[in-house]
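Please examine the sequence and the three-dimensional structure shown here before reading further. The paragraphs that follow lead through the sheets first and then through selected helices, residues and loops.

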Amino acid sequence: MFQAALDAADPKICLPPFLVPLAQAPCTGRTVVIGAGKAAAAMAAATEAVWDQHAPGAAIEGLVVTRYGHGCRTERIEVVEASHPVPDAAGRDAAARMLELVRGLGADDRVIALVSGGASALLALPADGVTLEDKQAVNRALLKSGASIHEMNAVRKHLSAIKGGRLAAAASPARVHAFLISDVPGDDLDVIGSGPTVPDPTTLADARAVLAKFAIEPPAAVARALSDPAYETPKPGDALFGGVETVMVARPQASLEAAADVARAAGVTPVILGDAIEGESREVATVMAGIAAQIARHGQPAEAPAVLLSGGETTVTVRGQGRGGRNAEFLVALAVAVERRCGDIAAGIAAVAGDTDGIDGTEDNAGALFLPGDLERAGATGVDLVAHLANNDGYGAFEALDRLLITGPTLTNVNDFRAVLVLP
């Protein structure tokens, strides 16, 4: 099921159907490809392949930025690697070059924008008066605070020279064709990569409210910027977006449906709980364990064998010193909840939780597995799941149980994938 979810969001599969008509359409000017995100390099390679097949000889050029280790080979579109989730100078410099590529284009030119999850941190070009160090400090604080992706991006957009619609503004009057792979709950266009090519409905006041909510004291330059009307982003209805066409080529729901097909083929009833589930990882896990118990004991909302499928992006409020992203946190919390609430049926419950980009937080694993018998193994080997959860150390727990899910970079990103299997 996890592999099917990845395949549904593979750029070389999901992107070409939307690119072929564009490649075959005449263009008297330049075709410039720009992009950012964990899938950016794979999307660039897919774009080149479409042009080679459907527009042989047509000129195409450009630059995309992706996370370190997520690059792939391209011939005409340059790929730069930079840091994620905390931005670095490589991302800043790539974003500056990207702006220069599109500035000065005319109405006969066209821009192909390839945007996927991770673009927000990778397009790290601070607004005037804000330094990269300022942005790094705010980003680190937001990552540890438990803020949602919507809240984080409301702040990021107002501290950027390229996000929140500013990239589209720089490209005008060229026609912009934006192709997006969604990694955010609700598939909100302005949140994917902090919306470099779409209008921004959030305001400076929203950004200030996020920092206040999580008691984050920003650097002085950030505080000044978020109080200056000159830093406001372009809003819906602005004429500059009249030349922008936006298409979603992959989204979490499609990946969940692909996984559901695999379950049905195996004789297991899929129950898709939602593609936009948010909240603290450990709290979401407790709810999932309760639903799994209801299936096992009462056949509701489906008779076993059944599988609970969900996507979205949970959060972790970091209080411990352990390792692990939100998926490892979810799974160790699920294991604890299963042990506490489902003792008589625990042997019939298994689960996987993983980030579809292959990286759970900042670790080397996509997530982890929880299989029947793991509670007994944990007890026999001295793995204290409750202690690991208290220390935000899901990675350590599943490393000790040899249950880490390690895929390496998948070159796509439709956020988290969770499957909780309930056997008779």
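Which residue in S12 does Asp355 stand opposite? Asp355 stands opposite Asp416. The model is predicted, so to speak of local features requires pLDDT of at least 70 and to count side-chain atom pairs requires pLDDT 80 or more, while totals for chains, interfaces and linings use all residues. Residues are numbered from 1 along each chain as its sequence is written, and side-chain values use heavy atoms, with hydrogens and water left out.

The strands named here (E, at least two residues) and the helices (H or I, at least four residues) are DSSP runs, numbered from the N terminus. Two strands are said to pair if DSSP finds at least two bridges between them. Strand S9 (residues 349-355) and strand S12 (residues 416-422) are joined by seven bridges in the antiparallel sense. Both belong to an open sheet of six strands with mixed pairing, in the order S7-S8-S12-S9-S10-S11. Its edge strands are S7 (269-277) and S11 (404-405), each of which pairs on one side only.

Helix H13 (residues 281-298) packs on this sheet and touches S7, strand S8 (306-312), S9 and S12, where contact means heavy atoms within 4.5 Å. The direction of H13 makes about 160° with that of S8; axes are lines fitted to C-alpha atoms, for helices over the stretch in contact, and angles run from 0 to 180 degrees between N-to-C directions. The expected span of a helix is 1.5 Å times one less than its number of residues. For the 18 residues of H13 this gives 26 Å, which agrees with the 26 Å between its end C-alpha atoms. Among the buried residues of H13 are Val284, Ala285, Met288 and Ala292; buried means under 20% relative accessible area, exposed over 50%, and partly exposed in between (1.4 Å probe, protein chains only). An α-helix has 3.6 residues a turn, so residues three or four places apart point the same way. The buried residues of H13 pack against S7, S8, helix H14 (326-341), S9 and S12.

The loop between H13 and S8 contains Pro301 and Pro305. The peptide bond from Gln300 to Pro301 is cis, with omega near 0°, and a cis bond also joins Ala304 and Pro305, with omega about 5°. Most residues other than glycine have a negative phi, and most peptide bonds are trans.

A second open sheet has six strands in the order S3-S2-S1-S4-S5-S6, with parallel pairing. Strands S3 (77-82) and S6 (244-250) stand at its edges with a single partner each, so one side of each has no neighbour in the sheet. Strand S5 (residues 175-181) pairs with S6 over six bridges in the parallel sense, and Leu180 stands opposite Met248 in S6. Helix H3 (residues 16-24) packs on this sheet, touching strand S4 (110-115), S5 and S6.

A polar atom of its side chain lies 2.8 Å from the backbone oxygen of Gly37.

Asp187 is found in the loop between S5 and helix H10 (204-213). This residue has a positive phi of about 55° although it is not a glycine, and it counts as buried because its relative accessibility is 13%.

How values were computed
Polar contact = N/O pair within 3.5 Å; in protein donor to acceptor, adjacent residues only side chain to side chain.
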